[in-house]
Every structure is written in structure tokens, then in C-alpha cells.
Amino acid sequence: GRPKEALAMISAQGKYFGQAARAGFHALKHERSLTDETTRLDVDMRAVSRQGAGLRNREEGGNTMESAAASFFDGFGVLMRMQGFRPMLAMDEFSKAMARGMQIEALSTRASTEAYRAARQAGKNKADAKQEADAVYLKSLHDENVFEEGSEFARMVTFQDDLPGLLGDISGFMSHPLIKIWVPFYKTPTQVMRRITE
């Protein structure tokens, strides 16, 4: 129904590829997002880490033995997460940055088109209407609200947006360590099924 916006989303893939690649590399290197902390994992704590083992390194006041054990747990955790969590997080961050850029372009194109139509209906010539539309496009492209809408769209297409109602209420129960043994992923599969039913 909106071919101009669809084309803007396609062309945005080239425009935002660099941002997406940087976001993915940052996540791969640092195990965290550049923009937000939403991930597919329902628990925030890294279980295989010095914090998970209740250990302190030298900077945190640990003695030599405790600091060595803390370094071992941190290093082992990095190796463990390198096999799955880090690549998954990097791909998610790449996809989120790309989807956010695509939605920002689509929303900016929509605002530009609406401004052009409004200017033409007000009796302005095509050149003036185009100039106004271009100004609206640039303003919309750098608008904080448009960025937020793009970010929410990115969370939605990567199945990381918040679950509504009862589904969201039982997220806490599903994040309990004992439940995680049997149901390691709850939010993402639930969101996938919601999207299918939609």
C-alpha cells in the first residue's frame, strides 16, 4: 500500500549497513548492545562469570587466590558464550540497527510525502512543495520520536519487544533459574507465535 516507503526501506539497507555492522561488531566484542539492553535471553546475569560464582578480582578487593579463580570464571564464561550467545547477540544487534534505520527512512519518507501533498493542496508550485518536503524529510530523519519509533520497530521485528498482559506477567516466573532448565527461551517463541497469529 505504500510503495514509496517500501522502496525507502530497501534503499536504507545500503545506507545503514555500516551502522549495523558496527553495532554487530560491538556486541560481538563487548557482549552488550550499543543502544539498548534488550536481548533474546530472559535473564540478565551471566551465570558463568566471577559475579555468578560470587568471586571478586583484585580491583574489587579479592585476594590472590580469589582473584585467580575470578579470572578463570570470567575467561571460561567468555569461551562458553563465544559458542552461542555472542554470535546470537551480534546478529540481533546487526538486525536491530538495520531494521531501525529502515523504519526511520520509511517514517521520514511518509512525513515528506505528506508535506509535499499538503503544500500542493495549499496551492504551492512543485518546486516549493519539493523544497518543503525535503526539509520535513531531514527534520524527521533526525527526530528523537522517529528514532524511538524505529527502535521499537527493530525490537518488534527481532521479537524482543515486551509481552502484553498475562503473557508479560508470567515472564518473571519463566525467568526463574529452575524453570530456565526446562524452558530456556520463553519471550522469543511467544512473540513469534503472536506474530503468526497476527
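The legends below describe close-up views of a predicted model. Local features need pLDDT of at least 70, side-chain atom pairs count only at pLDDT 80 or more, and totals for chains, interfaces and linings use all residues. Residues are numbered from 1 along each chain as its sequence is written, and side-chain values use heavy atoms, with hydrogens and water left out.

**View 1. Helix H5 packs against helices H1 and H6.** Helices are DSSP runs of H or I with at least four residues, numbered from the N terminus. The axes of H1 (residues 3-15) and H5 (residues 85-121) come within 8 Å and cross at roughly 140°. H1 is therefore oblique to H5. Between H5 and H6 (residues 126-141) the angle is about 150°, with the axes 8 Å apart, so H5 is roughly antiparallel to H6. Axes are lines fitted to C-alpha atoms over the stretch in contact, with angles from 0 to 180 degrees between N-to-C directions; angles under 35 degrees count as roughly parallel, over 145 as roughly antiparallel, 65 to 115 as roughly perpendicular and the rest as oblique.

**View 2. Glu-93 and Lys-96 form a salt bridge.** A salt bridge is a side-chain nitrogen of Lys or Arg within 4 Å of a carboxyl oxygen of Asp or Glu, and the whole structure holds 11 of them. The closest N and O atoms of Glu-93 and Lys-96 are 3.1 Å apart. Because the two residues are three apart in helix H5, about one helical turn separates Glu-93 from Lys-96. Glu-93 is buried at 3% relative accessibility, and Lys-96 is buried at 3% (buried means under 20% relative accessible area, exposed over 50%, partly exposed in between, with a 1.4 Å probe and protein chains only).

**View 3. Asp-161 forms a salt bridge with Arg-195.** The closest N and O atoms of this pair are 2.5 Å apart. The pair links distant parts of the chain, 34 residues apart: Asp-161 lies in the loop between H7 and helix H8 (165-169), and Arg-195 in helix H11 (residues 187-197). Salt bridges with shared partners join Asp-161, Arg-194, Arg-195 and Glu-198 into one network. Asp-161 is buried at 8% relative accessibility, as is Arg-195 with a relative accessible area of 17%.

**View 4. Phe-72, Phe-73, Phe-76 and Met-80 form a nonpolar surface patch.** Together these residues have about 380 Å² of accessible area, from the Shrake-Rupley method with a 1.4 Å probe, where only the protein chains shown count as cover. Patches are made of residues with over 30% relative accessible area and no salt bridge; like charges are joined within 9 Å and nonpolar side chains (Val, Leu, Ile, Met, Phe, Trp, Tyr) within 5 Å. Phe-73 lies in helix H4 (residues 64-82) and is partly exposed at 31% relative accessibility.
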